[in-house]
Amino acid sequence: MIASVRGTVTATGPDHAVVEVGGIGLAVQCAPGTLADLRVGQPARLATSLVVREDSLTLYGFADDDAKQLFELLQTASGVGPRLAQAVLAVHTPDAVRKAIANADTAALTRVPGIGKKGAERLVLELRDRVGPVPVGADGAAGVTAGAWPEQVRQALVGLGWTASQAEQAVAAVGETVDGETPPVPVLLKQAIRLLGRTR
């Protein structure tokens with residue numbers, strides 16, 4: 001496993017850079033944002049993830065270890081390969097990806113080429129509990145509660161008598177309406193109950 005490379009940048013292309021390490025030039029696939037910070041002839045350090053296939057060894061490079069870890073986590077979701085995982089990080093910062101998944105913000109995720117509505121919902125479902133803490137951003141406390149509300153609403157609905165499946169569907173539907181700052185949990189719960197067609 002090649003966890004990182006440090007050396008002189010000898011060339012850059014639209015989707016890769018060549019970093020010379022100990023006399024060997026390593027081609028590293030990078031997102032545009034990472035490439036923008038590299039300069040030919042200058043030293044660079046990239047966190048890397050080696051993807052092994054039957055017919056290829058491909059090295060993907062990132063500005064920091066946080067982006068690399070998220071790249072590897074994204075690939076554990078069904079239907080997400082390295083190119084799609086890199087596309088996600090080309091469109092969004094790691095913090096924005098975590099926030100979108102924690103908030104079930106499928107609209108943000110579908111801005112990535114190659115991810116449709118179902119793909120975004122699958123990412124949320126499979127990774128929501130594994131993306132780690134969502135940092136507090138400019139929207140203050142909303143970042144703290146962003147990852148918590150889906151579980152709180154789900155538990156409340158099940159406690160009110162709906163099945164886990166019904167609760168999950170309602171939470172997903174409510175998540176699609178959340179844009180920007182997350183409303184208080186009671187407001188979201190009322191919305192979910194309305195969607196389920198009954199009140200208690």
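The turns below take up some strands and helices of this model.

Analyst: This is a predicted model, in which local features need pLDDT of at least 70, side-chain atom pairs count only at pLDDT 80 or more, and totals for chains, interfaces and linings use all residues. Residues are numbered from 1 along each chain as its sequence is written, and side-chain values use heavy atoms, with hydrogens and water left out.

User: Why is helix H8 called oblique to helix H10?

Analyst: The axes of H8 (residues 149–159) and H10 (residues 185–196), which come within 10 Å, cross at roughly 50 degrees. Angles under 35 degrees count as roughly parallel, over 145 as roughly antiparallel, 65 to 115 as roughly perpendicular and the rest as oblique, and therefore H8 is oblique to H10.

User: What makes the contact of H8 with H10, and how do its residues divide into nonpolar, polar and charged?

Analyst: Contact means heavy atoms within 4.5 Å, and H8 contributes Trp149, Gln152, Val153, Ala156 and Leu157, while H10 contributes Val185, Leu188, Leu189, Ala192, Ile193 and Leu196. These residues divide into 10 nonpolar, 1 polar and no charged; Ala, Val, Leu, Ile, Met, Phe, Trp, Tyr, Cys and Pro count as nonpolar, Asp, Glu, Lys and Arg as charged, and the others, Gly among them, as polar.

User: How do you know that strand S1 and strand S2 pair?

Analyst: Two strands pair if DSSP finds at least two bridges between them, and S1 (residues 4–12) and S2 (residues 16–21) have 4 bridges, in the antiparallel sense. Ala11 stands opposite Val18 in S2, and the two strands form a hairpin with 3 residues between them.

Note on methods. Axes fitted to C-alpha atoms, helices over the stretch in contact; angles between N-to-C directions.
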